[in-house]
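Reader: I've got a new model open and I'd like to learn how to read it piece by piece. Can you walk me through it?

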Amino acid sequence: MSKYITTPIYYVNGEAHIGHAYTTFIADSMARYEKLKGEDTYFLTGTDEHGQKIEESAQKNGKPTQLFADEISAGFKNLWDEFEIDYDKFIRTTDEDHKKGVQKAFEVMYAKGDIYKDFYEGHYCVSCETFFTETQLVDGEFCPDCGRSTNIIKEESYFFKLSKYEDALLKYYAQNPDFIMPRSRASEVINFVKGGLRDLSVTRTSFTWGVQMPESIKDDKHVMYVWLDALMNYITALGYGTDEANMHYWPASIQFVGKDILRFHAIYWPAFLMSLDLPLPKHIGAHGWWTRDGEKMSKSKGNVVSPREVANAYGVENLRYFMLREVPFGQDGDFSQRAFIDRINSELSNDLGNLLNRIIGMSGKYSNFEIDSVNVLKYHKKEIDAVNIILDSLDTFMENIQIHRYLEELWKLFSIGNKAIEEHAPWVKMKENKKDEALATVALVANILAKASIMLHPVMPRTTNTIADALSFSINSSSYNEFIIDKKLLKLFNIKVVPPLFPRIEEPLMPEAPSA
Ligand code: ME8
């Protein structure tokens, strides 16, 4: 069965920040994990470029909207390329194919009687591109989501019959308790639906920067609502409404979103799909919010963390590791350099980096960098059994998106390796003329490093390739099958010297955040 993994498409009204990087790292790691297992996997990311907010940002920057969108979209794409994000497609909602697909979807929903024309009068938040009712507003004026003031808008609009899908949605949530992950987030969605769904305005007449109406409907003053346009990206990217080339990947196995946009993905999106007679995604994974040193990041406070700046200072792979290890999926997390440096020094430098250095050092000293696994089971069956138990447990953590637990368990392998070296002291065995035994311990630890690198690969792809190179093997789905699933030991290690992977960090490498 194939896998389809998505990130939200990011608005092109500003540069990428650490929150965008986080979602992208999670999705990239998951996609890499599935690819490692040999699954036919498609990973999508991209940019969301229509709507009033983008039009206004372009105006503020004194640029034509398309040019502005092109520049910011390229900024996202370049960043993901620099970060070696292994996406299969980068979609832009200004792509012609996407627009055609959205028009097609609109036609299908219209033909089904799920879209009708009426008037809308309500409070609109431009920043969230969302209408609110009087009772939802804070102090009768402000947006309940972002706190900005709302405008009263009265306009002709096409409506999607969201109310029609209330029961079907509730039934779907009940029958698929893991649709929303983590499960703890489901109740807010269910309560929202139980509170009653109003039909959703899906076109606008107050601005023009959006997907045009389909030819068959011919109503030129309307453009499509940005969320209808945006959500459809997940199927238009596969060719919906155009060549359908990759539609066999649908339904998505998991769609990652921040908790801020869960409602759109867990209510509107499934309702649109039901209307289109398409299956629903298997999971919507909603992650928490990142703050900096305990403060919400905002441009006005000047404490926004730029992912490029962090990556330049600390390395992108360290950043990936930190973000995925630090925060249980679904919970909020705090970006503090202290916590980041501590994890680099203790977990990456001490536990992993030193272990590799010791193996390189000992193999060089005792056997001219040539070691093999022939005696590993003879002297270290106990350790190999413990290693295999841990390796067997990892898949469940990843499939349940408990990546922090996955990494925590994975790190137990390094403890086994370090402990074996302390207990069996190969340098003593060498003095006692027990070279076989000494080399068996070195080979045990080399095997542990090799197997751990395979499993760490989705989170730290480049670093683990360097480790694999040092141990003269390659990480791919066949080595995964051989050394993880079939539990074979590596035959021969031709150890290579590599520079230390994780130099210790003594002082913060970036300026501290301004205090509030
Ligand atoms: O919402 N912490 O785009 P967007 C964690 N275009 N994650 C964060 C974050 C933070 N502080 N800030 C942002 C949109 N994110 C729409 C999506 S999808 C059809 C359309 C992440 O540029 C998080 O994943 O505002 C959030 O969902 C996404 O960025 C919002 O990006």
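Reader: Let's start with strands. In β12, which residue is the bridge partner of I254?

Author: Keep in mind that this is a predicted model. The general idea is that strands of a sheet pair through backbone hydrogen bonds, either parallel or antiparallel. Here, I254 has H283 of β12 as its bridge partner. That bridge belongs to the pairing of β11 (residues 254-258) with β12 (residues 283-287), which is parallel and runs over 5 bridges.

Reader: OK, and what is the order of the strands in the open sheet of 6?

Author: Read across, the order is β3-β2-β1-β11-β12-β7, and the pairing is parallel. At the edges you'll find β3 (89-92) and β7 (180-181); each has a single partner strand, so one side of each has no neighbour in the sheet.

Reader: Which strands does helix α1 lie across?

Author: Helix α1 (residues 18-36) lies across β1 (3-11), β2 (41-48), β11 and β12, and runs at about 165 degrees to β1. Helix α3 (residues 65-82) packs on the sheet too, where it touches β1, β2 and β3, with its direction at about 145 degrees to that of β2.

Reader: And antiparallel pairs? How many bridges join β4 to β6?

Author: There are 10 bridges between β4 (residues 115-125) and β6 (residues 151-160), and the two strands run antiparallel. As a landmark, look for I115, whose bridge partner in β6 is F160. β6 is also joined to β8 (residues 200-201) by 2 bridges, again antiparallel, with F159 standing opposite S201 of β8.

Reader: Now helices. How should I describe two that pack together?

Author: Two packed helices are described by the angle between their axes and the distance between the axes. The crossing is right-handed. The residues that meet there include Y379, V387 and L391 in α13, and A440, L444 and I448 in α16. By class, this contact has 10 nonpolar, 3 polar and 4 charged residues.

Reader: At what angle do the axes of α14 and α16 cross?

Author: Roughly 170 degrees, with the axes of α14 (residues 403-424) and α16 coming within 10 Å. α14 and α16 are therefore roughly antiparallel. Among the residues making this contact are L413, F414 and I421 of α14 and V445, L449 and A452 of α16. The class count is 13 nonpolar, 3 polar and no charged.

Reader: Is the phi of E84 positive or negative?

Author: Positive, at about 55 degrees, although E84 is not a glycine. You'll find E84 in the loop between α3 and β3.

Reader: Last one: where does UniProt place the 'HIGH' region?

Author: An unreviewed UniProt entry places that short sequence motif at residues 10-20. In the model, the end C-alpha atoms of residues 10-20 lie 8 Å apart, and the span is 27% helix and 18% strand.

Notes:
Residues are numbered from 1 along each chain as its sequence is written. This is a predicted model: local features need pLDDT of at least 70, side-chain atom pairs count only at pLDDT 80 or more; totals for chains, interfaces and linings use all residues. A crossing is left-handed if the near helix is turned anticlockwise from the far one by less than a right angle, and right-handed if clockwise. Helices (H or I, at least four residues) and strands (E, at least two) are DSSP runs, numbered from the N terminus. Two residues are in contact if their C-beta atoms, placed from the backbone, lie within 7 Å. Ala, Val, Leu, Ile, Met, Phe, Trp, Tyr, Cys and Pro count as nonpolar, Asp, Glu, Lys and Arg as charged, and the others, Gly among them, as polar. UniProt positions are given in the numbering used here, feature names are shortened, and annotations may be inferred rather than shown by experiment. Axes are lines fitted to C-alpha atoms, for helices over the stretch in contact, and angles run from 0 to 180 degrees between N-to-C directions. Angles under 35 degrees count as roughly parallel, over 145 as roughly antiparallel, 65 to 115 as roughly perpendicular and the rest as oblique. Two strands pair if DSSP finds at least two bridges between them.
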